Amino acid sequence: MTSTDQQTFLSVRDLKVHFSTEDGVVKAVDGLSFDLAKGKTLGIVGESGSGKSVTNLTILGLHDRDRTAIDGEILLDGKDLLTSTERELERLRGNKMSMIFQDALASLSPYHTIGTQIGETYRKHTGASKKEARARAIEMLRRVGIPQPDMRVDDYPHQFSGGMRQRAMIAMALVCDPELLIADEPTTALDVTVQAQIMDLLKDLQQEFGTAIIFITHDLGVIADIADDVLVMYGGRCVERGTKEEVLRTPQHPYTLGLLSSMPSLEGPVDVPLNPIPGSPPSLLNPPSGCRFHPRCTFTEKVAGGLCSTEQPLLDLIDGRGSACHLSLEQRAEFFADVAASRHN
Amino acid sequence: MSFSRRNFLIATGVAAAGTTVLSACGGSGGGGGSSKDNVPSVSGAKTMNIPVGSKSDSTGPAPEVPGAVKGGTIYSLDQFDMDHLDPAQIYVSTEGAITRPILRGLTGYKIDNKGGATLVGDVATDAGTMKDGGKTWSFTIKDGIKWEDGSELSMDDVRHTFERLFASWVTEGPRYVQQWMVGGDKYKGPYEGKSLDSIEIDGKTITFRLTEARADFNYTLAMPGYNLVSKKKDTKQKYDKRPFALGPYKISDRQIGKSLTYVRNEHWDPKTDSIRNAYPDKFVFQFGFESVASTDRYIADRGNDQYTMSIFNEVAPERTAQVLTNAKLKKRVLTQVDTVTYYWPINTTRIKDVKVRQAINWAWPHQQLQTIRGGKATSELASTILSPVTPGYQHFDLYGVEKKPGGDPAKAKALLKEAGKVGQKVVIAYQQSDNAVKQAVAIKNALEAAGFKVVNKQVDKSTFYTQIGKIDNGYDLFAAGWSPDWPNGYSVFYPCWSGKNIGDGRSNYAQLNDPSVNKAIDQASTIADTDQANKAWGAIDRQIMELAPVVPDYHSIRNWMYGSKVGNVIYDAGNTCVALCKLYAKK
Amino acid sequence: MPRFLVRRVLGALVILLIISAVTFWLFYAVPRDPATMSCGKNCTPDMLAKIRHNLGIDHPIPVQYWDWLKGIFVGRDYSGFGHCNAPCLGYSFANNQPVLGTILDRLPLTLSLAFGSAVVFLIFGIGTGMMAAVKQGKWQDKVASSASLVASSMQIYFVGYLAMYLLVAKLNILDNPSYTPLTENPVSWASGLLLPWLVLSLIWTANYTRMTRSQLVETLSEDYVRTARAKGLSSRNVFFRFAWRGAMGPIVTIFGIDLATLIGGAIITESVFSLQGVGRLALSSVNRSDLPMLLGVTVLSAGAIVFFNIIVDAVYALIDPRIRLS
């Protein structure tokens, strides 16, 4: 692996995704930027409705074009996906970039066999024959750890168990050796053992092919396991970015802090109460003024002049590390340490 | 849900004993109850007299219809196929009419160009010779009468025709001859090898010996039920599907329920037939058309429909106003008052007081009932038992039908008071149908206004006639109707008003057993002179009405429409149907 | 699949047996005496008894039913009228024909009406529905939706007469509906039935437009459709192989029910267009109290409906492996 591998493979620049609905414009993604290099994993964290899934569907071009207004740039290997035609995107999807969806049962067609569904992606992009595609499907199933793949290849999704379906889904996403893999909460519905197996599988595959992975989750534990970099989204925006260690160890944004506090720590004592973030995710139709997190933030009054409710904090990045918050770095170091202390005590 | 005409008839009257079904040529659809007073009153009422013709009247060929041309095809649009084509099973006049071009009887009705009818010999040389005051009848068969296969009509065929009427499977045709023949009560039909002795054959002459004097026996024999059957070709029950032709046409194709096609019978000799003209080359009867559909096609008058007429389907009630108010369309309508009279017999064993029965007559809401039926276009109010088109009809109006068609409650009440029967209870039986219910209510209102107490009882349609035909039926008043089987008073008064016909399943529904009426009927039956007989029957009508055992309600008016290229559409008064053998296809 | 079919066919036979028994009992137990209807003037009790005997209705109902049932397998003798070969569904005395022959004679028309119009309304309905679903929310969708609302509220006895009046009587564009067997002359078969097909289709198309649209709108938003797109499949491929495949199941099911309705509704359709199919046969049998015929029509129609349902189930199973394999 040379330094060229460290070059940016996917670059999202100031992405805005707005849907027009009967009630008004929903700003699902509102100015998001990030980069991803090959062989690296970016974990995107956020509650549902934070814009993480929309971002990724937009990368693949799976959004409803008639009702979506998109602004910004998505460069995949230097090519702007937003200005590509549907035909061009079709050639990329499933081939150079592919996606693993959350609910494998709903996301796999109930009407076609697993083998067909895996094979048709392969045929579409390689022009392989049916026979070759079938062989490839069996190979992929074997690789993702499905026992007796040559028999199971003709099964329908409903004949598979949940974990196997997810594996099949992964096999399908990887059948053309994609350079970018987007995994949208691929393990949410699965039990912990299976979850771990699948995470290992993804890691192995990444090592083997040098795939760039975007891993979407709301589970920081999973992030800790797989990601290199972390991007925290809130209300359609990035509120904090950094390496996995930076974000998890020394969070800079009250929301990240809140997420961390709401999950049990493996290191601390077991009897420490969890502190879920009070309030509910913001409405994207009519987002709060100023910092979108301010109605739920416990530090609002610490910022002078009520700035939190009037002015949007900017994402302040230095070397890919930073957050969007009105608190000064000193204030954060002080307040957050207290919280961390309370958790560790 | 549209009811069939057949069912409508059953609903309106006269079914069990079959009457209207049997003789009426269709039936008016009966309207929807809305007032159709804007429809002009039409009436084809014309008192008929159907005399017995002479030998020369019976000699063919039939007089030419002025302007008629040979050739072409005449079509029909009708709702139902015929249930029967075997004459032994034919009672319904539509079946009689449709078989007229293919079948022939000993006697028949010759229709002149003005619509007048005469009884003549059909295959017989004349209308028969009567002896013993009507107990013996002889008919001589013409020469050169041939079946469709070219074989000559034999005397065996003629004998066989009448003997097979006694077979056990013959259940639907008329039963007059069977009842009157000497030895007929014990005879079981010819299929067991026995013949009926009261039929005598001598050369070309057949003689019938009867148990009673029947001066009108030759009229009876003109019923289509007595048309001739080939002995050789008799397939018994199966004959119904395809009878063997003796008339100018034969069946070339039959799709039961769909169509029936006649083509010329080359062996028919017009010189032997004074009744049939046979202008068209072909008849194609088409079945399965509701009256609305057929009426619409007549109105449109396109293509083959121009050569089409209906035997059964009348102008649909929904289209009556449109057709009868449009002079152009009305020109293509054959309007005819039917021989049927719809009436309400009063059970004279329950309501014995003549004044009470007269009071019911005075109070009767004729007009309201007509409105419920659909107005003047389809019925004429009745004040007599005989229809205006039945020979013998005399016009009289004992109970003020014409002056006060809506009823005269004051007069009725006065009569009731006189009889000391104010508050008299009247139990009315009526059938389940929309119109019947409405009519029952109108009658109840009218009678109660006159001081009666009325109880309405609904009776199931299918058993209605069985119920009212019982001696102890428990009803005072019920709808019925009758149309004569051959055109004279006997065929009305004997079955329905003679004391001899009281009994379960018999048709004297009023159970009138008046000695003077009985006597008058018996006497009139034996009068050989048609004119005198007719006078006697007219007097009997009045005599019965004075006893008021019945409320005559209405005579139905039939309106048949036809295409613009059908020539000489006239009514056959003898068979109470359109005269198929007089039609021609215009060039 | 074979086991699935065998199970369904056996179930169907049981249903038919029950239907025939109930129908038989209903028809013969109601206080309606077909004998009185064919008994002439001066109908005597003796005469009635003769007619009852000739009609074969002088036996107890269970005996009559047993004879009828037996006739289906071994045929039956009707003295004087001849032998009715197995499968004998009875003999219509009013029609003077074995019941089955008459029904089979009328059946092609009824089936031509039903299937002919089905072909037309399926093509138009599904086509329009697909367009509306694809153009969801656009003017094409709105026009299709409102037009189908209007059309589906129409009734055959209104549109039928109106169409005949306008197209046949006034404008002379089409001929009066008529029936020529398909095997005899395909062109006159189609041209004779064109008007009923169009009228029926006008009414039925709307249902299928709405159903197709709503089904497709639903399946188009299914996750597996999105997955198919994420795999890079072309939108045409995604639409037909995934979205439409998912929408088809419910449409096939409804079509099975509608086919039964179409055949059941033949009574009205055939009356309106003056066509002589099984519907009219049933109607005239009611009017004439032709019980054997009515029984035959009822049992055979029930059989047809049950048969179509099996076909529909089989087709559904072919479409959806979840049903086939469960």
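Let's start with the size of chain B. For 587 residues, a compact globule would have a radius of gyration near 25 Å; chain B has 23 Å, so the two agree. That radius is taken over C-alpha atoms, and the globule rule is 2.2 Å times the number of residues to the power 0.38. The C-alpha atoms of chain B fill a box of roughly 70 × 55 × 40 Å along the principal axes.

A word on the source. This is a predicted model: local features need pLDDT of at least 70, side-chain atom pairs count only at pLDDT 80 or more, and totals for chains, interfaces and linings use all residues. Residues are numbered from 1 along each chain as its sequence is written, while chains are lettered from A and ligands numbered from 1 in the order in which they are written.

Back to chain B. It has 17 helices and 22 strands. Helices (H or I, at least four residues) and strands (E, at least two) are DSSP runs, numbered from the N terminus. Buried residues make up 60% of the 587 in chain B. Buried means that 20 or more other C-beta atoms lie within 10 Å of the residue's own; exposed means 12 or fewer, partly exposed is in between, and the C-beta atoms are placed from the backbone.

Now contacts. Two residues are in contact if their C-beta atoms, placed from the backbone, lie within 7 Å. Take the contacts in chain B between residues at least 6 apart in sequence: 77% of them join residues at least 24 apart.

Next, helix H7 of chain B, residues 291-300. Why do we call H7(B) largely enclosed by the rest of the structure? Because 9 of its 10 residues are buried. Among them are B:Ser291, B:Asp296, B:Arg297 and B:Tyr298. What do the buried residues of H7(B) pack against? In chain B, they meet strand E1 (73-78), helix H8 (320-324), helix H9 (327-330) and strand E18 (550-561). From chain C, helix H7 (156-170) joins in. After H7(B) comes B:Asp301, with a positive phi near 50°.

That brings us to backbone geometry. Most residues other than glycine have a negative phi, and most peptide bonds are trans. Here are some other cases. B:Lys236 has a positive phi, near 55°. B:Lys236 sits in the loop between helix H6 (217-220) and strand E8 (249-255) of chain B. Buried or partly exposed, which is B:Lys236? Partly exposed, because 17 other C-beta atoms lie within 10 Å. B:Thr576 also has a positive phi, near 45°. B:Thr576 is in the loop between strand E20 (571-572) and strand E21 (577-578) of chain B. B:Thr576 counts as buried, because it has 28 C-beta neighbours inside 10 Å.

Now the cis bonds. In chain B, the bond from B:Gly60 to B:Pro61 is cis, with omega near -5°. B:Pro61 lies in the loop between helix H2 (19-23) and E1 of chain B. In chain C, a cis bond joins C:Ala86 and C:Pro87, with omega about -5°. C:Pro87 is in the loop between strand E2 (82-84) and strand E3 (91-92) of chain C.

One residue in strand E8 of chain B: B:Ser252. B:Ser252 is partly exposed, because 14 other C-beta atoms lie within 10 Å. Beyond its neighbours within four places in sequence, B:Ser252 is in contact with B:Thr261, B:Tyr262 and B:Val263.

On to a helix pair in chain C. Helix H9 (223-230) and helix H10 (235-264) pack at an angle of about 150°, with their axes 10 Å apart. The contact is made by C:Tyr224, C:Val225, C:Ala228 and C:Arg229 of H9(C) and C:Val238, C:Phe242 and C:Ala243 of H10(C). Axes are lines fitted to C-alpha atoms, for helices over the stretch in contact, and angles run from 0 to 180 degrees between N-to-C directions.

Last, the chains together. Which of the 2 pairs of chains in contact share the most contacts? Chains B and C. No contact joins chain A and chain B; their closest C-alpha atoms lie 46 Å apart. Between chain A and chain C, the contact takes 24 residues from chain A and 18 residues from chain C. On the chain A side, H4(A) gives the largest share, 4 residues.
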